[in-house]
Amino acid sequence: MDLLSIFLKGGYLMWPILLCSIIGLAIAIDRYMIIRKAKTNAPNFIIKIRTLLKKKDVDGAIAVCMQERTPAANIIRKGLKKSKLGHERVKEAIQNVGKQEIAKLEKGLSVLATISGVAPLLGFLGTVTGMISAFMRIEDLQGAANPSDLAGGIWEALITTAFGLAVGIIALFFYNYFTSAINKLVSDMEIISNDVVDTLEEVHLGSKHVDDEIEIDI
């Protein structure tokens, strides 16, 4: 018996489980591509931006961010564009854009988590309804059902549980994998953002200190 025949034997609840698997697979592929593109070499990126900022080349740092095209680079780029408005405005811009970028990364994960819980439940529901049908058949036969009648009805009922559990387990695996990957990206973004904010503050304080010395000398 091929897979299609087994699928059809599972009953009408196999179709919602199939729909869950298709949606889950689409989300998994989409998140994998997004997270793969979002990865950045944090130490290398920090060194580039820090070097340019210490030279007071903010435009050059913005250009580097535009070349990177990652969430971390977008956050820093938005923050650097507010550098002339003061330290607090830079931090505010970084925080606001950071929330937006994290929301983009987490898009669809709640659906994946729902599928990991709903698919097994649909499978169990299919098994329960299948068992009910099997016992109703025994009642119709007035207890004269042979073992083959029982076995056929039971294994057909269990098909939905098997498919539901398979879909749920795979969805849960991908959910945990993507959650872990996003947490790593968020950690890198926080490290990069803090370093940029600190560097801007150091450059600002350094220039202020030089101005004070000049004013004293005069």
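Cys65 is buried in this predicted model, with a relative accessible area of 1%. Cys20 also counts as buried, at 13% relative accessibility. The structure holds zero disulfides.

**Salt bridges**

Side chains of opposite charge can pair when their charged atoms come close. Four salt bridges are counted in the structure. Three of them are described here, beginning with the pair formed by Arg50 and Asp195, whose side chains meet at 2.5 Å from N to O. Arg50 belongs to helix α3 and Asp195 to helix α8 (residues 147-217), so this pair ties together parts that are 145 residues apart in sequence. Arg50 is partly exposed, at 32% relative accessibility, whereas Asp195 is buried, with a relative accessible area of 17%.

Another salt bridge joins the side chains of Glu101 and Lys104. Both residues lie in helix α6 (residues 87-105), three residues apart, which is about one turn of the helix. Glu101 is buried, with a relative accessible area of 8%, while Lys104 counts as exposed at 51% relative accessibility.

Within helix α8, Lys184 and Asp188 are four residues apart, again about one turn of the helix. They form a salt bridge, and Asp188 is buried, with a relative accessible area of 12%.

| Salt bridge | N to O distance |
|---|---|
| Arg50 and Asp195 | 2.5 Å |
| Glu101 and Lys104 | 3.9 Å |
| Lys184 and Asp188 | 3.0 Å |

Helix α5 covers residues 71-80 and includes Lys78. Eight of its ten residues are buried, so the helix is largely enclosed by the rest of the structure. Among these buried residues are Pro71, Ile75, Arg77 and Leu80. Lys78, by contrast, is partly exposed, with 37% relative accessibility. Together with Lys81, Lys82 and Arg89, Lys78 forms a positive surface patch.

**Loops on either side of α4**

Which residue in the loop between α3 (42-54) and α4 (58-68) is placed there? The residue is Lys56, and its phi is near 60°, a positive value in a residue other than glycine. Lys56 is exposed, with a relative accessible area of 57%.

The loop between α4 and α5 contains Arg69. The phi of Arg69 is near 55°, also a positive value in a residue other than glycine. Arg69 is exposed, with a relative accessible area of 69%.

Conventions. Residues numbered from 1 in each chain as written. Predicted model: local features only at pLDDT ≥ 70, side-chain atom pairs only at ≥ 80, totals over all residues. Heavy atoms only, no water. Patch = residues over 30% accessible without salt bridge, like charges linked within 9 Å, V, L, I, M, F, W, Y side chains within 5 Å. Areas by Shrake-Rupley, 256 points an atom, 1.4 Å probe, with all protein chains shown as cover. Lys, Arg positive; Asp, Glu negative; His and termini not counted. Charge placed at Lys NZ, Arg CZ, Asp CG, Glu CD. Helix = DSSP H or I, 4+ residues; strand = E, 2+ residues; numbered from the N terminus. Buried < 20%, exposed > 50% of the residue type's maximum accessible area, 1.4 Å probe, protein only. Disulfide = S-S within 2.5 Å.
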